[in-house]
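Here are a few friendly notes to read alongside the model. Please have the sequence and the 3D view open as you go through the points.

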Amino acid sequence: MSEAAGITLPEADRVLASLPQAVVLLEPGLRIASVNPAAEQFFGQSLRRLVGVGLRELLDVTSPRVLDRLDDYETPVSARELAVQVKGMGMRRIDLNVAPVADHPRWQVLMIHDHTTAEALGDDSGGFDAAALRGPEIMAHEIKNPLAGIRGAAQLLARQVDEKGHALTHLITSEVDRIADLIGRMQDLSRQTAPAMAPCNLHEAARRAIDVIHAGRAEHPEYCTIQEEFDPSLPPVLGSADALVQVIINLLSNAMEASLSQVVPRVMVRTRFASGLQLHTTEDGKPLRLPVELRVTDNGEGVAPSLREHIFEPFVTSKKSGQGLGLPLVRKLVREMNGRITHERDDVKGLTHFRVHLPLAKETRKTLLGGRPS
């Protein structure tokens, strides 16, 4: 339909800003002339910083012939499943399409579909979380009752045995506690009721988590200090303050343990506004933006490549004593807040990033009530 039919068409720049795919306008010489918000998100830089930068300075493609073909500005180029290194953002797996701009010689438009983000932000319906984890929820009560009885019996027995027997009763009680803790974690994963949501100050949650971490590591000088880089202008997000603290504690604890393998361990937590990321969650299909990002980074050795695609699945862990339940719980808590979490490894810089993307409190309420997001 058109203006002739009484409907005003949206402006081209608004259409581009609404696209979830990254769109880049290239001027002669493969230099960036303009980008849409999704491209800002993809490159991790603002439009102001990207304008005038050469594409080769930002993208390192494993198949260099692809970029060479872009020099033939009159020929469309399409490539699928490309592995690329994005400057400052790590490895990505993308689809790439380039076409000449009509009536503008040597100008091209580049479109990028990022499979890395799409997979990380995929739907959680069904699958392991919804089905396989419901069994422990049903069995937990029946298991915890006898465990409590075993622990009580061990404590009574400890009063009647010698020092050698005390070691055995202590072993019994500690193992019972460990199993009870495991069951509790499984119950958290299989819980169907989402926590109550309210506007939250992300920085207050982050600092509370950091305080908890530092208090718990006070007697361990080998752990490093957590570096903070917070954007003070960030507005509130819609979520659960307690859930946010738990998410950040888990991510920071993992990062600190991972970084211990380095001579100079480094752990960083950063917040920023990352425009362009969208997630369709509402029943009527309205887009819900996730513009607030919290990133936890460490310089540890990272997760083994064979495990990277499965780290948010239960019982997948690279730790010798790990249970593989921490990150699945983190993902569940983040998704209950309409957020998403992604994992990236930058092998060039030797850094591991966990990024949590969350919606704005004001915008989330408007969207869920059927209004238009601002």
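1. Let's begin with D103, which sits in the loop between β5 (90-100) and β6 (108-114). Strands here are DSSP runs of E with at least two residues, helices are runs of H or I with at least four residues, and both are numbered from the N terminus. D103 is not a glycine, yet its phi is positive, near 65 degrees. Its relative accessibility is 77%, so D103 counts as exposed (over 50% relative accessible area is exposed, under 20% is buried, and in between is partly exposed, using a 1.4 Å probe and protein chains only).

2. A word on the background: this is a predicted model, where local features need pLDDT of at least 70, side-chain atom pairs count only at pLDDT 80 or more, and totals for chains, interfaces and linings use all residues. Residues are numbered from 1 along each chain as its sequence is written, and side-chain values use heavy atoms, with hydrogens and water left out.

3. Next, have a look at L30, in the loop between β1 (22-27) and β2 (31-35). L30 has a positive phi of about 55 degrees, although it is not a glycine. Is L30 buried or exposed? With a relative accessible area of 5%, L30 is buried.

4. Finally, please turn to H214 in helix α10 (residues 202-216). At 33% relative accessibility, this residue is classed as partly exposed. Which residues does H214 contact, leaving aside its neighbours within four places in sequence? They are T225 and I226, where contact means heavy atoms within 4.5 Å. H214 and T225 are 11 residues apart along the chain, and 8.2 Å separates their C-alpha atoms.
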